[in-house]
Amino acid sequence: MHRLKIISGHLSPSCRRDLRRTECGAAAGGSGPEDVVVVHGRRTAVGKAKRGAFKDTTPDELLSAVMTAVLTDVGLSANELGDVCVGNVLQPGAGALLARVAHFLSGFPETVPVYTVNRQCSSGLQALFNIAGAIRSRSIDLGLACGVESMSLRSVGNPGDLSSRLMDNDKARDCIIPMGITSENVAERFGVSREKQDAFALSSQLKAARAQSSGLFEQEIVPVNTKIVDSDGKERQVTVAKDDGIRAGTTLAGLAKLRPAFKPDGSTTAGNSSQVSDGAAAVLIGRRSAVEALGLPVLGVLRASAVVGVPPDVMGIGPAVAIPAALEQAGLTVADIDVFEINEAFASQAVYCVEKLGIPLEKVNPNGGAIALGHPLGCTGARQVVTLLNELRRRGKRAYGVVSMCIGTGMGAAAVFEYPGP
């Protein structure tokens, strides 16, 4: 409880709670045969929902593309996998059917199992946590952690079958607050100005545009051959290999002209919020001893992970609590981390978390984030892992990185990875 009180101290007194969290990890530094290591990861490009390159592509096809590519790249047979976990939010049953269909479209044998997980915006990262847990419990040696979402074909909508009693419980009622309003709550409660939000959004766009023009994403993106239906109804074949939400011509003046999207006097706009998107990502992880026995490379080591609860009406503060929990578990501090991949659900919450933790801006999303790249809900966590480890590898030396995001209904997740060096 003492440790929880310390973590909750990152919040203002009005927002402190008896925070509950789950975590698993290993202290940073050194290596051992039981380490959970990342072998390889790939992602699709991220497409703008309903009008981008994947607007007519089903999620099983997106998922199959990355599942196939990851194993092909390292020359591994799917028979070696102990399990496959896929993060998904919007498909019926969290995408249980689409995952198994993608599994067979990828040529995986029926003997390899697959399941899905929905922890909303952290689903792709939660898939990795789940596979890591199975490895640590010695249920499996190798597994594939994935995430996929088509926000073109499925939209956030009906919350499902809920008791009318939720209206009598403040916290339960807060769980159905629209995400945009939670962004406004963070901005108002913690004094994050429109100017700061727009400046952060501009930086995300410019960094992503620079990374794309420099070819930095080419190593992580799997080109996808698919179809697109034009406005006149004609179908044509395309190969999609570039994120299409990046707006290189973004300016502060242009952002300042945008109207608030969620309340008339608000500060959250379409320009300083994440984009709704389509995409998929897959990450191969395993026990170090098994990975080395198969002659596979080690791209990274999972050093710590944490999931925490925060007030639902300011769910965006989740990373400000989850990151310290994961760092403490890893025996590291903010100063020890080289790169932070923090999901930009909204600029309001990203700015708050970065400032609260004292993270230097140059360490945050060096190649842009969800404001520029997009946020395909179930995919994002896995996509962030792929982007982070490729960035650390480019730097050519041992380094640490963090992946983190806020989670609707009031949670935050974070993971600490070590890149062991070339």
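Trainee: Which residues have the most contacts inside the largest nonpolar core?

Mentor: Leu63, Leu81, Val84, Leu144 and Leu284 have the most contacts inside that core, which has 48 residues. Keep in mind that this is a predicted model.

Trainee: OK, and which helix gives the most to this core?

Mentor: That's α2, residues 59-74, with 9 residues in the core.

Trainee: What does leucine 63 touch, leaving aside its neighbours within four places in sequence?

Mentor: Leucine 63 is in contact with Val86, Leu98, Ala99, Ala102, Cys146, Val148 and Ala280, once those neighbours are left aside.

Trainee: Let's zoom out. How many helices and strands are there?

Mentor: The protein has 13 helices and 13 strands. Its radius of gyration is 20 Å, close to the 22 Å from the globule rule for 422 residues, so it is as compact as a globular protein of that length. The C-alpha trace spans about 60 × 55 × 50 Å along the principal axes.

Trainee: And how much of it is buried?

Mentor: Buried residues make up 59% of the 422. As for contacts with a separation of 6 or more, 80% come from residues 24 or more positions apart.

Trainee: What about the surface, how much of that belongs to carbon and sulfur?

Mentor: Carbon and sulfur atoms have 52% of an accessible surface of about 16,300 Å².

Trainee: Switching to α6. What span should that helix have?

Mentor: At 1.5 Å a residue, the 12 residues of α6 (179-190) should span 16 Å, and the end C-alpha atoms are 17 Å apart, which agrees.

Trainee: Which of its residues are buried?

Mentor: Gly180, Thr182, Ser183, Glu184, Asn185, Val186, Ala187 and Phe190. Their cover includes α7 (194-213) and α11 (347-357). Just after the helix, glycine 191 takes a positive phi of about 65°.

Trainee: Last one: where's threonine 269?

Mentor: Threonine 269 sits in the loop between α8 (252-256) and β9 (277-287).

Trainee: Buried or exposed, and why?

Mentor: Threonine 269 counts as buried because its relative accessibility is 0%, and the cut-off for buried is under 20%.

Trainee: What does its side chain reach?

Mentor: The threonine 269 side chain reaches the backbone nitrogen of glycine 271 at 3.1 Å. Leaving aside neighbours within four places in sequence, threonine 269 is also in contact with Arg194, Leu258, Arg259, Pro260 and Ala261.

Notes: Residues numbered from 1 in each chain as written. Predicted model: local features only at pLDDT ≥ 70, side-chain atom pairs only at ≥ 80, totals over all residues. Heavy atoms only, no water. Helix = DSSP H or I, 4+ residues; strand = E, 2+ residues; numbered from the N terminus. Expected span 1.5 Å × (residues − 1). Buried < 20%, exposed > 50% of the residue type's maximum accessible area, 1.4 Å probe, protein only. Contact = heavy atoms within 4.5 Å. Polar contact = N/O pair within 3.5 Å; in protein donor to acceptor, adjacent residues only side chain to side chain. Rg over C-alpha atoms; globule rule 2.2 N^0.38 Å. Areas by Shrake-Rupley, 256 points an atom, 1.4 Å probe, with all protein chains shown as cover. Core = buried A, V, L, I, M, F, W, Y, C linked by side-chain atoms within 4.5 Å.
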